[in-house]
Amino acid sequence: MDHTYELAELYKVLGDSNRIRILYSLMDDELCVGDIAGSLGLSQSLVSHQLRTLKDAKLVKNRREGKTIFYSLDDEHVRMILAMGLQHVEE
């Protein structure tokens with residue numbers, strides 16, 4: 001099956017620096033929207049919007065604890081994509 005369209009869509013999602021910053025903030029720990037926004041100096045509404053896009057692309061997942069929703073990287077593949085991309089640009 002040809003997955004070129006889906007791959008192109010994945011790269012579109014990864015083509016936004018704020019989304020990349022959000023993904024990197026989730027590399028070591030799960031965080032809520034407020035924590036991500038505070039650490040990156042972004043508005044909570046912007047972070048929420050970007051997290052929705054990242055979740056739709058299956059790059060992040062969430063879990064609810066009471067009223068708080070915590071976000072984390074969806075799986076090890078996301079971590080590998082980020083690490084390999086960074087390695088490539090650092091060469």
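Glycine 66 takes a positive phi near 65 degrees in the hairpin of β2 and β3. This hairpin has 2 residues between its strands. The model described here is predicted. Its protein chain has 5 helices and 3 strands, and their pattern along the sequence is α-α-β-α-α-β-β-α.

**The hairpin**

- Strand β2 covers residues 60-65, and strand β3 covers residues 68-73.
- The two strands pair in the antiparallel sense, with 6 bridges between them.
- Lysine 61 has serine 72 of β3 standing opposite.

**The sheet**

- Strands of a sheet pair through backbone hydrogen bonds, and the pairing may be parallel or antiparallel.
- In this model the sheet is open, has 3 strands in the order β1-β3-β2, and is paired in the antiparallel sense.
- β1 (31-32) and β2 stand at the edges and have a single partner strand each, so one side of each is left without a neighbour in the sheet.
- The pairing of β1 with β3 is antiparallel and runs over 2 bridges.

**Packing of two helices**

- Helix α2 spans residues 17-25, and helix α4 spans residues 44-56.
- The two helices pack at an angle of about 85 degrees, and their axes are 10 Å apart.
- Angles of 65 to 115 degrees count as roughly perpendicular, so α2 is roughly perpendicular to α4.
- On the α2 side, the residues that meet α4 are Asn18, Arg19, Ile22 and Leu23.
- On the α4 side, the residues are Leu46, Val47, Gln50, Leu51, Thr53 and Leu54.
- Sorted by class, the contact of α2 with α4 has 6 nonpolar, 3 polar and 1 charged residues.

**The chain as a whole**

- The C-alpha trace of the protein chain spans about 40 × 30 × 20 Å along its principal axes.
- A compact globule of 91 residues would have a radius of gyration near 12 Å, and the 13 Å of the protein chain agrees with this.
- Of the 91 residues in the protein chain, 31% count as buried; here, buried means under 20% relative accessible area.
- Taking contacts in the protein chain between residues at least 6 apart in sequence, 51% join residues at least 24 apart.

Terms used:
Residues are numbered from 1 along each chain as its sequence is written. This is a predicted model: local features need pLDDT of at least 70, side-chain atom pairs count only at pLDDT 80 or more; totals for chains, interfaces and linings use all residues. Side-chain values use heavy atoms; hydrogens and water are left out. Two strands pair if DSSP finds at least two bridges between them. Helices (H or I, at least four residues) and strands (E, at least two) are DSSP runs, numbered from the N terminus. Axes are lines fitted to C-alpha atoms, for helices over the stretch in contact, and angles run from 0 to 180 degrees between N-to-C directions. Angles under 35 degrees count as roughly parallel, over 145 as roughly antiparallel, 65 to 115 as roughly perpendicular and the rest as oblique. Contact means heavy atoms within 4.5 Å. Ala, Val, Leu, Ile, Met, Phe, Trp, Tyr, Cys and Pro count as nonpolar, Asp, Glu, Lys and Arg as charged, and the others, Gly among them, as polar. The radius of gyration is taken over C-alpha atoms; the globule rule is 2.2 Å times the number of residues to the power 0.38. Buried means under 20% relative accessible area, exposed over 50%, partly exposed in between (1.4 Å probe, protein chains only).
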